[in-house]
Amino acid sequence: MDSILAKIIQRDPEQKEFHQAVQEVMETVRPVLERNPEFRKQAILERIVEPERVIMFRVPWMDDQGQVHVNRGFRVEMNSAIGPYKGGLRFHPSVTLSIIKFLASEQVFKNSLTTLQMGGGKGGADFDPKGRSDAEVMRFCQAFMAELQRHIGPDTDVPAGDIGVGAREIGYLFGMYKKLRNEFTGVLTGKSLAWGGSLIRPEATGYGVVYFAAEMLGTRGETLEGKTCLVSGSGNVAQFTAEKLLELGGKVLTLSDSSGYIFDEEGIDAEKLEHVKDIKNIRRGRIREYCEKYPQAIYVETDPGLDYNPIWTHSADCAMPSATQNEINEKDAQTMINNGVQLVCEGANMPSSPSAVDIFVENHILYGPSKAANAGGVAVSGLEMAQNSMRLKWPREEVDSRLKQIMHCIHTTCVDASAEYGLQGNYAAGANIAGFVNVVNAMLDQGLV
Ligand code: NDP
């Protein structure tokens, strides 16, 4: 294993996030490989860390002033052993091949945990939609899809949203795909309700995170009622995490964006959350604007010089990191433990550094890794694909109850897989082992391809 990791690092030394994701999985699946020599004989590890296909392309587009810009687009088709590639698109200036490969690799195991027929992929571009007009975003999406369309399809690769790609962007991407291919298919998920979207898809990731947190608390005879919660981010995942927390009796104290965070000691209630949705989704503004209407809240500007993230210094029972990768480091994790946090349930992908995860596991808090905890989004994307194939639309209650059931099953799967290897209570190990074994068995069944 060490030599495989060394080779990955030597081949692509700059892909730090991808190395981190691979290392995290490798460490926990070691006992599985020891128990299954066949996996080693078939070079399963070497195959699973190498994407089936990497697509990188130029995205030229024109801004409102007539100036031409060139961005870089990506699609990493990581693994199709259990279904068509499936995973979101991220538009953010920090996007690199390393970030997309890490996300695609996580997606493979996450999708496998849902038990739906979805392989893993991820894509995006180093384009920043922030501050761009709707017309500029539309032109960018059209240029991006002009190339991506030749690589995707409802039975091949089905992208969705992620950071910077919401309902608006999915609409523009879908429109261009339809025009170029002359077909109306379920090639993207996260579509608007009027043209093939599923009820509960916007809410699914955040709701799923909270359902998973409730399942974990249930193992200790507890509920979310009265629990104080730190939530980071203020986008899709954070908003619906907060919404479901409120519904289940939790008290949400914080929200953030890349410029800073707000702390409202009185709690961000349903009315205040609606205001946040208005700021972020309609006006596309900044989270600091919250304090203009609710001056009792404090706003803390992001300071990139700090070696810790101040949002995690507030005392609370639970934390739901829902912004981006590596937003909790070792120091933050220790502060959270000292402040009494008993549950960390990850809405963002890989928000905790490996040493932060070690601290959570060593301190026996309830730690729900992103692969399991935020799988509700892609699960409902899978349900959207099923509805598209049938040309049917299920009612809200049906989709929500399926989502709840899937999160319950993922929780049980993690508990059982960790127990099978003597790692009771370690959800990170359980998620990696269960996700890995499903994919590997499918790969073995399908031969050396
Ligand atoms: P959104 O674009 O809707 O929101 C992202 C939020 O995180 C914004 O508040 C954004 O702030 C903040 N953010 C982004 N980058 C940074 C950064 N570098 N530092 C600090 N804050 C940052 O994205 P989503 O809510 O969809 O995604 C959030 C996380 O959840 C991501 O890790 C994503 O991969 C993961 N996820 C999303 C799923 C989905 O269904 N949408 C499914 C599973 C996982 P700002 O407004 O300043 O950009």
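Met350 counts as buried, at 7% relative accessibility, where buried means under 20% relative accessible area, exposed over 50% and partly exposed in between, with a 1.4 Å probe and protein chains only. The structure is a predicted model, in which local features need pLDDT of at least 70 and side-chain atom pairs count only at pLDDT 80 or more, whereas totals for chains, interfaces and linings use all residues. Residues are numbered from 1 along each chain as its sequence is written, and side-chain values use heavy atoms, with hydrogens and water left out.

Met350 is located in the loop between strand E11 (343-345) and helix H13 (354-362); helices (H or I, at least four residues) and strands (E, at least two) are DSSP runs, numbered from the N terminus. The phi of Met350 is near 50°, a positive value in a residue other than glycine. Most residues other than glycine have a negative phi. Asn326 also is not a glycine and has a positive phi, of about 55°. Asn326 lies in the loop between strand E10 (318-320) and helix H12 (330-338), and is partly exposed, with a relative accessible area of 35%.

Helix H2 (residues 16-35) has 20 residues and should span 28 Å at 1.5 Å a residue; its end C-alpha atoms are 29 Å apart, which agrees. The expected span is 1.5 Å times one less than the number of residues. H2 bends by about 50° at Val29, and the proline Pro31 follows within four residues; the bend at a residue is the angle between axes fitted to the seven residues ending there and the seven starting there. Val29 is itself among the buried residues of H2, which also include Phe18, Val25 and Leu33. For helix H10 (residues 270-282), the 13 residues should span 18 Å, and the end C-alpha atoms are 17 Å apart, which agrees. The buried residues of H10 include Lys272, Leu273, Lys277 and Ile279. Among the elements that cover the buried residues of H10 are helix H9 (236-247), strand E7 (251-257) and helix H11 (290-293), contact meaning heavy atoms within 4.5 Å.

Ser112 is buried, with a relative accessible area of 2%, and Phe109 is buried at 4%. Phe109 touches Val25, Ile48, Lys371, Gly435 and Phe436, not counting residues up to four places away in sequence. Phe109 and Val25 are 84 residues apart in sequence and 9.4 Å apart in space, C-alpha to C-alpha.

H5 and H17 pack at an angle of about 85°, with their axes 8 Å apart. Axes are lines fitted to C-alpha atoms, for helices over the stretch in contact, and angles run from 0 to 180 degrees between N-to-C directions. H5 and H17 are therefore roughly perpendicular to each other, given that angles under 35 degrees count as roughly parallel, over 145 as roughly antiparallel, 65 to 115 as roughly perpendicular and the rest as oblique. The residues of this contact divide into seven nonpolar, three polar and no charged; Ala, Val, Leu, Ile, Met, Phe, Trp, Tyr, Cys and Pro count as nonpolar, Asp, Glu, Lys and Arg as charged, and the others, Gly among them, as polar.

Helix H16 (residues 396-420) and helix H17 (residues 427-445) pack at about 95°, with their axes 7 Å apart, which makes H16 roughly perpendicular to H17.
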